[in-house]
Amino acid sequence: MALVPCQVLRVAILLSYCSILCNYKAIEMPSHQTYGGSWKFLTFIDLVIQAVFFGICVLTDLSSLLTRGSGNQEQERQLKKLISLRDWMLAVLAFPVGVFVVAVFWIIYAYDREMIYPKLLDNFIPGWLNHGMVSGLK
């Protein structure tokens, strides 16, 4: 049972989102100590949604690899439920929220950077982390 490139890519994306989440949470920013913390930012919420979505994708891939050719009806039924959950999450959460966040952020950023991402934040969030959070692999 060899892994196909799509499955390897999903694991790599999941690991990159998890590393971005860990790096973001390790940064000490004044906004993290206010009401709502990081959860008041749509970019952070989108990052969590994307990480959960790719976690479900990896789980679906592993489940399909393990149940392939087993002939067990219960396992096949559970796999179909997991696939429908993955498809629902993509259609309802991951894709719409991801596209909205990227489009709105870069439109406002192009119009007036100080409105959405002040230069002060460059002291706290490195450029690669900002780009990974906003323009990640959607």
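Colleague: In which helix is Asp61 found?

Modeller: Asp61 is in helix H2, which covers residues 42–67. This is a predicted model, in which local features need pLDDT of at least 70 and side-chain atom pairs count only at pLDDT 80 or more, while totals for chains, interfaces and linings use all residues. Residues are numbered from 1 along each chain as its sequence is written, and side-chain values use heavy atoms, leaving out hydrogens and water.

Colleague: Why is Asp61 called buried?

Modeller: Its relative accessible area is 9%. Buried means under 20%, exposed means over 50%, and partly exposed is in between (1.4 Å probe, protein chains only). Asp61 therefore counts as buried.

Colleague: And how do you know that Asp61 and Arg10 meet in a salt bridge?

Modeller: Their side chains come to 2.9 Å, N to O. The pair joins distant parts of the chain, Asp61 in helix H2 and Arg10 in helix H1, 51 residues apart. Leaving aside residues up to four places away in sequence, Asp61 touches Gln7 and Arg10, where contact means heavy atoms within 4.5 Å.

Colleague: How many salt bridges does the structure hold?

Modeller: Four. Among them is Glu74 with Arg77, at 2.8 Å, N to O. Those two are three residues apart in helix H3, so about one helical turn separates them. Glu74 is partly exposed at 39%, and Arg77 is partly exposed at 38%. Another bridge joins Asp87 to Arg86, with the closest N and O atoms 3.2 Å apart. Here Asp87 is partly exposed at 39%, whereas Arg86 is buried at 16%.

Colleague: What makes Phe105 and Trp106 an edge-to-face pair?

Modeller: The whole structure has six aromatic pairs. In this one, the centres are 5.0 Å apart and the planes are at 90°. Rings of Phe, Tyr and Trp (its six-membered ring) pair when their centres lie within 6.5 Å; planes under 30 degrees apart are stacked, over 60 edge-to-face, and the rest tilted. Phe105 is buried at 6%, while Trp106 is partly exposed at 30%.

Phe105 also pairs edge-to-face with Tyr117, at 6.3 Å and 70°. That pair links helix H3 (residues 73–111) with the loop between helix H4 (113–116) and helix H5 (127–134), 12 residues apart. Ring pairs join Phe105, Trp106, Tyr109 and Tyr117 into a cluster.

Colleague: Which residues have the most contacts inside the largest nonpolar core?

Modeller: They are Tyr17, Leu21, Leu47, Ile49, Phe53, Phe54 and Met89, in a core of 24 residues. Helix H1 (5–26), H2 and H3 are the elements that give two or more residues, and H2 gives the most, with 10. The name applies to a set of buried Ala, Val, Leu, Ile, Met, Phe, Trp, Tyr and Cys residues joined through side-chain atoms within 4.5 Å.

Conventions
Helix = DSSP H or I, 4+ residues; strand = E, 2+ residues; numbered from the N terminus.
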